[in-house]
Amino acid sequence: MLTLAEVEALARRAHATQTDKAGRPYAEHLEAVAEGVRARGGDAEQIAAAWLHDAIEDDALSPQWLATADLTDRTKAVVRALTKRPGEPQEAYAQRILATPGALLVKESDLAHNADPARLAALDEATRQRLTRKYAGMRSLLGITETP
């Protein structure tokens with residue numbers, strides 16, 4: 001099995017050329033989500049999934065890579081659950097997360113970082129408002145009452 005350090009290095013390499021909406025290195029988001037999972041009591045499988053949670057969706061790694069990766073089945077399942085599918089309704093996405101053991105904690109950490117006021121402050125007003133509504137809607141679908 002890949003160690004957490006190996007998963008982190010792999011995720012950083014896979015996302016090396018990507019930036020977030022504010023132009024920051026995407027790996028900063030992955031690190032924040034992984035640390036959020038750790039702070040929320042997540043285990044090594046969930047922390048590994050946090051590092052990889054956007055890899056398939058962002059085309060940083062392929063579904064074929066994930067299928068054969070030296071990761072636990074649970075880590076792979078969480079990554080798959082967190083990978084949005086083109087045209088998928090938010091409700092279906094939320095139901096898949098809720099149905100996958102370990103995925104909710106990773107998504108909670110992802111939403112907390114995405115909705116961080118300091119992070120949102122770097123965006124234009126229209127984008128900030130759109131994303132704030134989007135993240136609040138997903139928290140509601142997932143039953144997450146904590147606000148960032």
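## Where helix 1 meets helix 3

Let's start with a meeting of two helices: Leu4, Val7, Glu8, Leu10, Ala11 and Arg12 in helix 1 touch Ala44, Ile47, Ala48, Trp51 and Leu52 in helix 3. Contact here means heavy atoms within 4.5 Å, and helices are DSSP runs (H or I, at least four residues) numbered from the N terminus. Nine of the residues in this contact are nonpolar, none are polar and two are charged. Ala, Val, Leu, Ile, Met, Phe, Trp, Tyr, Cys and Pro count as nonpolar, Asp, Glu, Lys and Arg as charged, and the others, Gly among them, as polar.

## About the model

This is a predicted model, where local features need pLDDT of at least 70 and side-chain atom pairs pLDDT 80 or more, while totals for chains, interfaces and linings use all residues. Residues are numbered from 1 along each chain as its sequence is written, and side-chain values use heavy atoms, with hydrogens and water left out.

## Two sides of helix 1

Val7, Leu10, Ala11 and Ala14 of helix 1 are buried, meaning under 20% relative accessible area, whereas exposed means over 50% (1.4 Å probe, protein chains only). Looking down the axis, those buried residues fall within an arc of 100°, so they line one face of helix 1. The arc is taken from the directions from the helix axis to the C-beta atoms. Ala5 and Arg13 are exposed on the other side. Helix 2, helix 3 and helix 4 (63-68) are among what covers the buried residues.

## The core

The largest nonpolar core has 41 residues, and Trp51, Leu52, Leu61, Val106 and Leu142 have the most contacts inside it. Such a core is a set of buried Ala, Val, Leu, Ile, Met, Phe, Trp, Tyr and Cys residues joined through side-chain atoms within 4.5 Å. Helix 3 gives the largest share, six residues.

Beyond its neighbours within four places in sequence, Trp51 touches Val7, Glu8, Ala11, Arg12, Ala27, Leu30, Glu31 and Ala34.

## A buried glutamate

Glu88 sits in the loop between helix 5 (73-82) and helix 6 (90-99). Glu88 is buried, with a relative accessible area of 18%.
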